[in-house]
Amino acid sequence: METSKNTILVPYDFTEVADNAVQHAILVGKKIDADILLLHIAKKETQIVELEKQLLAEAERINSTWGILPKIKVKEGTIFKTINQVVDELNCILVIMGTHGMKGLQKLTGSWALKVIVGSQVPYLVVQTAPKNDDYDKIVFPIDYKTENKEKLKWIEFLNKMFKSKTHIYATASKEGIIDSRTKANVVFSKRFMEEKEIEYELALAEGESSFSQETVQYAEKINADMVLVMTTRDISFHDYVLGAYEQYIIANSAQIPVLVINPRTDLMKYGYGGFG
């Protein structure tokens with residue numbers, strides 16, 4: 001199973017949304033010359049052999065449809081632990097996961113998706129539909145007062161290198177258009193970073209009429225964005241899962257826009273764009 005190539009992991013449960021995730025993985029994989037691994041998690045060890053046959057048949061169907069033959073792996077466990085265990089074992093660089101949004105199957109919706117993602121050493125690209133384009137041209141980069149906003153910038157640079165994306169900075173503000181001083185500092189830092197890296201960007205302010213998460217989704221939908229980039233809440237608690245963390249709403253957004261979710265990590269750089277050569 002070891003490979004010298006980068007590996008993108010796709011949790012695969014034989015559903016349409018899992019197929020949508022595969023299509024996104026093919027899009028990204030071609031850009032960075034990465035293998036794709038389909039991971040199915042079995043409830044019992046006795047199911048593994050039969051599930052491997054089913055998963056191999058899916059991989060062959062994907063190959064005949066899109067010309068890419070994914071690797072496969074079936075492992076006993078739960079989605080909350082096993083996905084990230086395999087990520088660590090195989091040193092995967094990215095997880096692309098399909099979700100059913102706010103409705104449908106519960107195991108990968110809302111807080112469940114967030115519980116899977118939290119603690120991961122690599123980003124998760126969470127998708128609901130197949131790719132609309134061949135590139136992620138418009139990336140929404142929401143900014144508030146949190147210091148970990150800056151950690152997302154390395155991924156903005158990575159995406160720009162891959163897709164020549166335009167970044168749409170979307171900053172939280174009051175109804176009067178006033179920006180908190182900490183948010184303003186993050187905006188200034190981000191603009192300087194993008195100018196130094198020659199990344200095209202545009203700045204827009206939230207209207208302050210509703211929650212920042214709602215307005216972020218509305219803005220992304222308005223500009224027909226290809227992706228939203230968010231950071232999980234540091235030290236997220238059960239309280240956040242129950243009440244609905246900011247990023248939980250973004251992940252399951254009604255506009256069905258892909259969301260790249262990153263966990264705050266001081267050592268994230270070694271898993272960032274630097275690892276892609």
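**Strand order and packing in a predicted model**

In this predicted model, 10 strands form an open sheet with mixed pairing, in the order E3-E2-E1-E4-E5-E10-E9-E6-E7-E8.

Trainee: Which strands stand at the edges of the sheet?

Mentor: An edge strand has a single partner strand, so one side of it is left without a neighbour in the sheet. The strands in that position are E3 (71-76) and E8 (201-205).

Trainee: What is the average twist from one strand to the next?

Mentor: The twist is taken from one strand to the next and averaged. The average is 25°.

Trainee: How many residues of strand E4 are buried?

Mentor: Side chains alternate between the two faces of the sheet in a regular strand. On one side of E4, Leu-94, Ile-96 and Gly-98 are buried, and on the other, Val-95 and Met-97 are buried as well. For E4 (residues 94-98), the number of buried residues is therefore 5 of 5.

Trainee: Which residue in E5 is the bridge partner of Gly-98?

Mentor: E4 is joined to E1 (residues 6-11) by 2 bridges in parallel, and Leu-94 is the partner of Ile-8 there. E4 also pairs with E5 (residues 124-127) in the parallel sense, over 4 bridges. Within E5, the partner of Gly-98 is Val-127.

Trainee: What angle does the direction of helix H1 make with that of E1?

Mentor: Helix H1 (residues 16-32) packs on the sheet and touches E1, E2 (34-42), E4 and E5. The angle between the directions of H1 and E1 is about 170°.

Terms used:
Residues are numbered from 1 along each chain as its sequence is written. This is a predicted model: local features need pLDDT of at least 70, side-chain atom pairs count only at pLDDT 80 or more; totals for chains, interfaces and linings use all residues. Side-chain values use heavy atoms; hydrogens and water are left out. Buried means under 20% relative accessible area, exposed over 50%, partly exposed in between (1.4 Å probe, protein chains only). Two strands pair if DSSP finds at least two bridges between them. Axes are lines fitted to C-alpha atoms, for helices over the stretch in contact, and angles run from 0 to 180 degrees between N-to-C directions. Contact means heavy atoms within 4.5 Å.
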